[in-house]
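Subject: Structure handover

Hello,

Notes on what was found in it follow.

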Amino acid sequence: MATSNPSAFLLSINGQIEGANFPEYDDLYCKYCFVYGHNWAPTSGLEEGISQITCKGSQSSHRLIWNFPLEITFKSSNPSGWPLIVVSVYGPDIFGNDVIRGYGATHIPFTPGQHTRTIPMFVPESTSRFQKFTSWLLGRRPEFTDAKVVARSEGREVMRVRSQGFVSLSFNIVTKDMKKLGYDTTPSKAANQTGDI
């Protein structure tokens, strides 16, 4: 009995947005979305989500804990356009308006297994002192209309940004049929454990 060759592979992502470190801010929540190429299609799970608000409480550290779950499976015939996750963190300003506290993005790990990532976050900056004062006065800080712009390169060279905070994520990655299509995602130090089913 002949086995048919697969025409696509699967990438399954389970994990969580563990938390963040924003020393100057509290009462924050996060949003996430996946950005991927034209050959990719989600087959199950959620492409985007929004977490609960968390605060530092009486902890002595500056760490905010979300433990917000991520679960999605993609199907693709080509690794070009490998998925990225874009994370946006929001919180109240002194007037009680929700404003952006940080944007960041990272590629989903290429190799099967458990992974952790720490994403450095940034915020857009006004280009002049007058704009900065006006945006503070009106409670309208610079932010992107679509957070997915963070994962794209177009127009990034003219953006003025400031680093601010970190978000940590953990992933469990499983792939299916990548080896059958000729893609080797085995980490070099664990060549005997494929993780690809």
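Before the rest, some notes on the source. This is a predicted model, in which local features need pLDDT of at least 70 and side-chain atom pairs count only at pLDDT 80 or more, while totals for chains, interfaces and linings use all residues. Residues are numbered from 1 along each chain as its sequence is written, and side-chain values use heavy atoms, with hydrogens and water left out.

Surroundings of Ile-108

Ile-108 sits in the loop between β7 (98-107) and β8 (113-124). Strands are DSSP runs of E with at least two residues, helices are runs of H or I with at least four, and both are numbered from the N terminus. Leaving aside residues up to four places away in sequence, Ile-108 touches Leu-11, Ile-13, Phe-34, Trp-82, Pro-83, Leu-84, Ile-85, Phe-171 and Ile-173; contact means heavy atoms within 4.5 Å. One of these, Phe-34, is 74 residues from Ile-108 in sequence, and the two are 9.3 Å apart in space, C-alpha to C-alpha.

Cysteines

How many disulfides are there? The count is 0, where a disulfide is a pair of cysteine sulfur atoms within 2.5 Å. Cys-33 is buried, with a relative accessible area of 9%. Cys-55 is partly exposed, at 42%.

Salt bridges

The structure has 3 salt bridges, each defined as a side-chain nitrogen of Lys or Arg within 4 Å of a carboxyl oxygen of Asp or Glu.

- Asp-177 pairs with Lys-176 at 3.3 Å, N to O. Asp-177 is buried, at 10% relative accessibility, and Lys-176 is partly exposed, at 35%.
- Asp-177 also forms a salt bridge with Lys-180, with the closest N and O atoms 3.6 Å apart. Lys-180 is exposed, at 63% relative accessibility.
- Asp-184 pairs with Lys-179 at 3.4 Å, N to O. Asp-184 is exposed, with a relative accessible area of 56%, and Lys-179 is partly exposed, at 40%.

Which residues are linked in a network of salt bridges? They are Lys-176, Asp-177 and Lys-180.

Regards

Terms used: Buried < 20%, exposed > 50% of the residue type's maximum accessible area, 1.4 Å probe, protein only.
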